[in-house]
Amino acid sequence: MSTNGWDRDHEERELSGSEAAKDRSPRMTMQTAVPQPLTKIHDPLRLETMGDTGTMSAVAFKLAREKAILDGLGSSGNIVKYLNQDFEALKKQCLLSGTLFKDEKFPACPSSLGYKELGPYSSKTQGIIWKRPQELVPNPQFIEGGATRTDICQGALGDCWLLAAVASLTLNEAILEWFWQYGEWLDVIVDDRLPTKNGQLVFLYSKERNEFWGALLEKAYAKLNGSYEALIDGTLTEAFEDCTGGICESYNHNSAPPKLYQIIQKALQAGSLLGCFINTSEKVQKTSKQLFSRHAYSVTGAEEVTYRRCLEELIRIRNPWGECEWTGAWTTYWTNPQFKIKLEEPDDDQEASACEPCCTMIVGLMQKNRRRQKMKGEDWLKIGYCIYQPQVTGKDIDNEFKSLFEKLSGEDCELTANELQTILNRVITKRIDIKSDGFNINTCREMISLLDNHGTGTLGLVEFKILWMKIQKYLEIYKKVDTNYSGTIDAHEMRNALKEAGFTLSNKIQQSIIIRYACSKLAIDFDGFVACMIRLECLFSKYS
């Protein structure tokens, strides 16, 4: 299947991020590439007629080159330094001179932009100023929160074929380091000066405006090909192979094998990169479902769902423009009705030992007129809900708890880590239904770090109240999963406890947690469980 170039008509379009769904058009072509190191390929050196000295020099160069290849030059363990630029040497030179790196091999000048449509006399390049990230935003980051496909938004350059591949690369960050060309892995070095106009990046940009890894990767690929303009029009095949070193396969929807969907699922599970496009001989055209012909999309997922008692095959694709979302079947429409309910009467059978009023609530949800939709093949809608805990304020704390806190915290009404440790251990030693070695000082410091909103290193009244409610919730979970009433929980019970607490973790992470917090008998006591919960809450709050 031959693949044509596309995207020239998009050069002046500047849109931003979204995902689309599957187009059932029979014209769609699917491409997949499996990242893998290949056997090295060496193109024979072409010798032109010249003097004996020139011929001998060329032969010597060829022999030296072949020996270097045999020694592994260009392999993943011995990357070729593109244009002989050595990162460590350049870094050392800049540190010694106290200057920022300026790449003389790909200078911030018109020739790096292009030669015709983006040439020095083109109206498209007028007003372009090369700027470093710190000149554009106050807190620039190379990568923020990991490289994700939503980091890639196409600018005013017709290189959707490249950006679709780069968006797929974020699913396998291990191969985001080098480019592969003609049988060799290349280390391409660039400075961070980027083309801008009116204070905004002209080409690839991230939805997070202070993140620049995508723009710098596009610049590196432009350097590899001579200029930004050289990236206008291309194919997914070329981008996938240059980014992975893998072999690319193409499938035409009209002549695809019967198990194409299973091939797509298997490829995604294996970490292969996938893309698709609608191939036509005309210019870029918008379909009735908001997909564009001659435009590359990343394939980011394939799932089967049951609908009307039939199995539907869905494919998730992403437009590198970021906008123009699929409007056909399975479009995501989201409504989120919210109701605020105030509970004033505590339960009659509330335990006397409860620290605060306990209110039980039953909610009934009805779906109106759904039976009438049966004749249209509709079924009952699935219902989801969230319960939000309101923020605790001083008004919500009863006088008894306030007086107890004032007595424990002293004149400053603040609890230090040592004071918190004393209080918690005093309480925990009185319980006979759970086992504990006592809270250590590091756990108490982490508790304070999680809840200290004022940066004092201590807990005030409200902060201590929130912590006390958390510990009560942890205690409830701990006792619930301790099915044999041993006072400790084993590995299986710990998995149930994590699920009860709302943490969805991989098996590997759960095993690490059990090894970290269990004793020699693989049992976790209450203080270890609370320490684990606090650590997880700290991590999730930091990266959420």
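Me: Is Cys-413 buried, partly exposed or exposed in this predicted model?
Reply: Buried means under 20% relative accessible area, and exposed means over 50%. Cys-413 has a relative accessible area of 31%. That value lies in between, so Cys-413 is partly exposed.

Me: And Cys-94, is that residue buried or exposed?
Reply: The cut-off for buried is under 20%. Cys-94 has 16% relative accessibility, so Cys-94 counts as buried.

Me: How many disulfides does the rule give?
Reply: A disulfide is a covalent bond between the sulfur atoms of two cysteines. The rule asks for a pair of cysteine sulfur atoms within 2.5 Å. By this rule the count is 0.

Me: Which residues does UniProt list for "active site"?
Reply: The listing comes from an unreviewed UniProt entry.

Me: Where is His-295, and is it buried or exposed?
Reply: His-295 sits in the loop between strand 10 (273-278) and strand 11 (297-307). Its relative accessibility is 0%, so His-295 counts as buried.

Me: Which class does the charged residue in the lining of the second largest cavity leave for the others?
Reply: The lining includes Leu-194, Phe-203 and Glu-218. Glu counts as charged. By class, the lining has 1 charged residue, no polar residues and 8 that are nonpolar.

Methods:
Residues numbered from 1 in each chain as written. Predicted model: local features only at pLDDT ≥ 70, side-chain atom pairs only at ≥ 80, totals over all residues. Heavy atoms only, no water. UniProt positions renumbered as here; feature names shortened; annotations may be inferred. Helix = DSSP H or I, 4+ residues; strand = E, 2+ residues; numbered from the N terminus. Buried < 20%, exposed > 50% of the residue type's maximum accessible area, 1.4 Å probe, protein only. 1 Å grid on protein atoms, 1.4 Å probe; cavity = no way out; pocket = protein on both sides within 12 Å on 5 of 7 lines; lining within 4 Å.
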